[in-house]
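Work through these two exercises with the model open. Each solution goes step by step.

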Amino acid sequence: MRKYTQASWDEPLLKELSRPGRVGNSVPSDPVISSRFKDPLSLVPQSMRRASLNLPELSELQVLRHFNRLSQMNFSVELGMYPLGSCTMKYNPKVSEMIASSDAMKGAHPLQPPETVQGILSIFYDLERALSEITGMHRFSLSTAAGAQGELAGVLMMRKYLAEHGGSARDEILVPDSAHGTNPASAAMAGFKVVKVPSEADGQVRASRVKELSSEKTAGMMFTVPNTLGLFEGEVKEVCDAVHEAGGLMYYDGANMNALLGRARPGDMGFDVMHLNLHKTFATPHGGGGPGAGPVGATRKLADYLPVPVVAKRKAGYSLDYGLKRTIGPLKGFVGNSAVLLRAYIYIRLLGASGLRDVSSMAVLAANYLWKSLDPESFPASHDAKLLRKHEAVVSVKGELPGSAMTVAKAILDLGMHAPTVYFPLIVHEALMIEPTESEPEEMLDEYAAALNDIYAKLKGGALGQVPKNTSVGKVDEVKASHPLTLRIHW
Amino acid sequence: MSGASRRHPFLPNLDDDFVGRMLRRVGAATLDDLFSDIPRDMKLGRALRLPEGGSEYSVRREIQARLRQNKTPPETLCFLGGGVWPHYVPAAVESITSRQEFYTSYTPYQAEVSQGVLQALFEYQSLMCDLLGMEACNSSLYDWASAAGEAVRMAGRVTGRSKALLGGNTGPQRRGVIKTYTEPMGMTLETVDFDRATGRTDREDLRRKLSEDVACLYFENPNYFGVIEDDAAELVSLVHGSGALAVAGVDPISLSLIREPGAYGADIAVGEGQPLGIPMNYGGPHLGIFAAKDIKLARSMPGRLIGLTTPVADQQRKAFAMVLQAREQHIRREGAMSNVCTNQSLMAVAAASYLSLLGKEGFRRLGETVIANSHFAAKRLSRIDGVVSPHFKGSFFKEFVVSYKEAKAESVFGKLAKRGVLAGSPTHREVGSQSGLYCVTEVHTRDDVEKLAAALAEAV
């Protein structure tokens with residue numbers, strides 16, 4: 001194993017670095033205008049004038065040093081392997097950053113007349129067509145800002161569709177116990193009751209169980225395929241049929257679409273509405289937690305319910321259409337996370353039809369390869385080891401020691417590699433959820449598997465010691481973080 | 001292309017040698033076998049109907065050429081506002097947000113290797129709390145409109161009441177999203193009139209509409225017309241008098257000169273962080289600001305919160321971690337305060353670096369330049385025949401409504417754009433068919449204002 005030490009700056013807070021009399025940027029000011037408005041504050045009603053302003057005072061270099069030091073204490077995809085399950089931490093092409101930083105993109109205002117933004121609108125249109133082809137949906141709205149917002153849009157569409165088709169008494173949404181937490185949260189936000197569907201011993205959802213749980217109260221089901229265990233849901237079609245027969249609609253959570261590009265499409269499986277996470281499958285950067293983009297797609301049946309705006313192509317050119325007949329309304333103030341959408345389109349163009357299919361082949365190959373490289377005695381598969389995995393694999397850390405998954409996670413940080421997702425899905429004991437993506441070379445996958453195997457051997461032998469120790473700080477006290485709770489610094 | 005000798009810069013294992021070795025370990029014969037768990041009738045069985053992939057050069061060249069069809073500054077002048085505003089983004093901010101360590105990482109689930117973004121977000125929370133006069137600010141929501149939607153939902157949750165009042169001078173984008181967000185909770189929205197002369201909230205109408213089933217008043221300050229409420233504290237005390245919450249929506253740049261929401265008693269403050277070092281980007285990514293006046297309310301807040309702590313083994317050193325996660329979807333599932341997961345962290349890092357660069361002095365100067373430039377422009381436009389500028393008598397900060405005696409707003413808007421001036425987005429629903437919104441900031445020079453005036457004189 002190679003040695004690793006993360007930068008550790010013990011960096012003060014901005015306000016500790018502040019000294020009166022410094023400034024980090026020069027603000028323009030016109031001498032003629034300022035001579036005309038000598039006391040600009042007098043333009044504000046007296047009762048509304050700000051009494052004091054408490055911001056730090058630093059030079060430009062001080063600010064840069066501060067944030068550059070912080071950045072050195074932040075692990076990232078471009079530093080090392082980051083197999084955070086369900087997050088699809090793949091390579092983010094540099095050329096997308098270059099293109100997105102052009103003034104022609106950054107300087108465009110969302111209220112500009114359409115004839116002045118034909119460039120970006122034409123890209124939106126082509127992206128929307130490409131996503132529809134990739135998923136088998138009729139139409140997408142690009143407006144939703146993240147996967148969870150796409151989910152909310154989708155379940156609101158289901159709700160409105162049902163209300164207009166005699167189904168307003170349908171107030172239950174089925175959600176498998178393996179689903180991301182956003183699914184039940186989105187359903188609840190849209191006013192639904194959540195009915196949990198237990199997955200079976202093989203980690204999959206059975207249509208027979210869905211049938212049992214469906215009734216005249218069922219509005220539909222949110223279904224993630226492949227699921228969060230990395231398994232393709234073998235009865236997906238029968239599940240869709242069961243819900244449809246009960247009068248409900250099917251929602252596809254596209255978080256794991258990286259496994260299916262060019263291989264299978266939710267539209268062909270029987271889903272009515274879905275979202276994609278462009279920051280996962282389509283390689284836009286995760287930004288330390290965001291921004292993302294979560295376009296929502298629908299079959300012809302539900303397309304009129306999409307959130308506005310949608311992109312339209314007419315004789316006069318491309319435009320934004322806010323007049324969709326049955327829309328659930330807008331979920332975001334303006335258009336969408338346009339610069340993220342642009343990057344996703346660039347990615348699709350760089351890969352193309354066969355390249356996207358290669359992406360899913362390589363992602364699935366890497367996930368199965370890494371999983372098969374782990375010692376099955378130390379890291380038993382969460383479910384049936386004979387089944388193929390798709391984009392990710394979930395294993396348990398063997399033994400009944402509580403907290404062992406967390407210990408393994410902290411230990412691998414010490415080697416300059418990011419931990420898998422831990423303790424998720426909730427139905428797996430001491431879970432490690434590993435999604436290497438297509439971006440990692442074979443030898444890196446070998447190194448990661450060897451590291452995990454080695455860590456387990458040390459853990460079992462009591463030779464692991466305190467972990468982590470090579471990171472910016474040692475194990476963070478998360479209990480103290482809430483008691484006492486300090487959400488800001490007073491100054 | 002066949003399987004042999006295939007290469008792609010993003011796919012290190014595409015070559016047959018790698019594939020063969022890796023498949024052997026997996027125990028599969030071909031790549032297709034890896035998908036044998038997908039039922040045959042569900043497989044696509046054909047190539048995607050998309051163009052084949054292009055080289056980096058060819059894709060870059062084509063997409064840049066397409067983007068150049070956009071009319072943007074500096075060749076085109078932009079005086080548009082309404083919730084996204086043209087402001088200067090300092091080079092140092094772009095440098096910081098271009099750090100791959102920030103932009104290619106994700107949510108800091110592993111605190112020990114993510115202290116960088118955790119501290120940056122904690123700094124953001126602290127800076128925003130100071131700017132807003134609040135005690136707790138989350139680490140970002142999607143944008144102003146969705147933050148406003150979440151705020152009204154939260155007011156409904158906290159008060160157990162089912163009606164929300166919205167200022168009639170609220171931006172249409174926020175109004176639309178608030179409606180989408182609150183309707184499934186069974187909340188109803190009622191509009192509070194604004195004074196037709198000043199553009200400010202009509203106190204009497206507010207008094208009439210406040211009742212025991214009102215959860216909150218959402219009002220913007222400055223509002224959609226750019227007008228500053230002359231006594232926000234009085235508005236808030238009226239609202240509190242009926243047991244409702246006051247939710248203020250703000251443009252953070254205005255807080256350089258205007259009283260902060262905490263100082264006039266607001267319970268929740270939301271706003272658009274885009275002017276704090278984030279490009280307009282044709283609508284996003286932007287930054288939803290969301291803050292609450294105290295820790296008690298913070299416990300009902302949506303979104304991620306970062307807290308200050310220490311490493312377990314070193315009580316002298318600062319460390320940061322995500323806190324109050326039991327409010328969030330990954331723990332609480334259907335009982336969560338919101339479904340938000342991926343947020344706009346990188347934009348919060350931009351805002352933190354922007355505020356620290358401008359600092360106390362620079363930020364105040366910025367406000368002075370903005371208010372002076374906008375007043376200069378409003379006055380200049382008022383000298384044009386057929387133009388009333390500003391339309392409202394209330395004091396304004398950086399935006400103002402202009403009305404036209406003869407011309408229709410849509411026509412003026414289109415004519416200005418043809419002359420290379422983006423200005424006067426129509427405000428027909430709120431004001432009338434002969435008025436538009438103008439925004440003037442530090443990026444506009446006197447010469448720019450002259451060009452605007454010349455174009456408007458021809459357009460009306």
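Two strands pair if DSSP finds at least two bridges between them. The model is predicted.

**Exercise 1.** State the order of the strands in the open sheet of chain A, then find what packs on the sheet.

Solution.
1. Seven strands of chain A line up as E1-E7-E6-E5-E4-E2-E3. Their pairing is mixed.
2. Strand E1 (139-141) and strand E3 (193-197) of chain A are the edges, each pairing on one side only.
3. From one strand to the next, the twist averages 25°.
4. E1(A) runs antiparallel to strand E7 (residues 296-298) of chain A, and three bridges join them. Ser141(A) has Val296(A) in E7(A) as its bridge partner.
5. Helix H7 (residues 147-164) of chain A packs on the sheet. This helix touches E2, E4, E5, E6 and E7 of chain A, and its direction makes about 170° with that of E5(A).
6. Helix H8 (residues 182-189) of chain A lies across E2, E3, E4 and E5 of chain A. H8(A) runs at about 155° to E4(A).

**Exercise 2.** Describe how H6(B) and H7(B) cross, and which residues meet.

Solution.
1. Take helix H6 (residues 144-159) and helix H7 (residues 172-182) of chain B: their axes come within 8 Å and cross at roughly 45°.
2. That angle makes H6(B) oblique to H7(B).
3. The crossing of H6(B) and H7(B) is right-handed.
4. Residues in H6(B), among them Trp144(B), Ala148(B) and Val152(B), meet residues in H7(B), including Val177(B), Ile178(B) and Tyr181(B).
5. Sort the residues of this contact: seven are nonpolar, four polar and three charged.

Notes:
Residues are numbered from 1 along each chain as its sequence is written. Chains are lettered from A and ligands numbered from 1 in the order in which they are written. This is a predicted model: local features need pLDDT of at least 70, side-chain atom pairs count only at pLDDT 80 or more; totals for chains, interfaces and linings use all residues. Side-chain values use heavy atoms; hydrogens and water are left out. Axes are lines fitted to C-alpha atoms, for helices over the stretch in contact, and angles run from 0 to 180 degrees between N-to-C directions. Helices (H or I, at least four residues) and strands (E, at least two) are DSSP runs, numbered from the N terminus. Angles under 35 degrees count as roughly parallel, over 145 as roughly antiparallel, 65 to 115 as roughly perpendicular and the rest as oblique. A crossing is left-handed if the near helix is turned anticlockwise from the far one by less than a right angle, and right-handed if clockwise. Contact means heavy atoms within 4.5 Å. Ala, Val, Leu, Ile, Met, Phe, Trp, Tyr, Cys and Pro count as nonpolar, Asp, Glu, Lys and Arg as charged, and the others, Gly among them, as polar.
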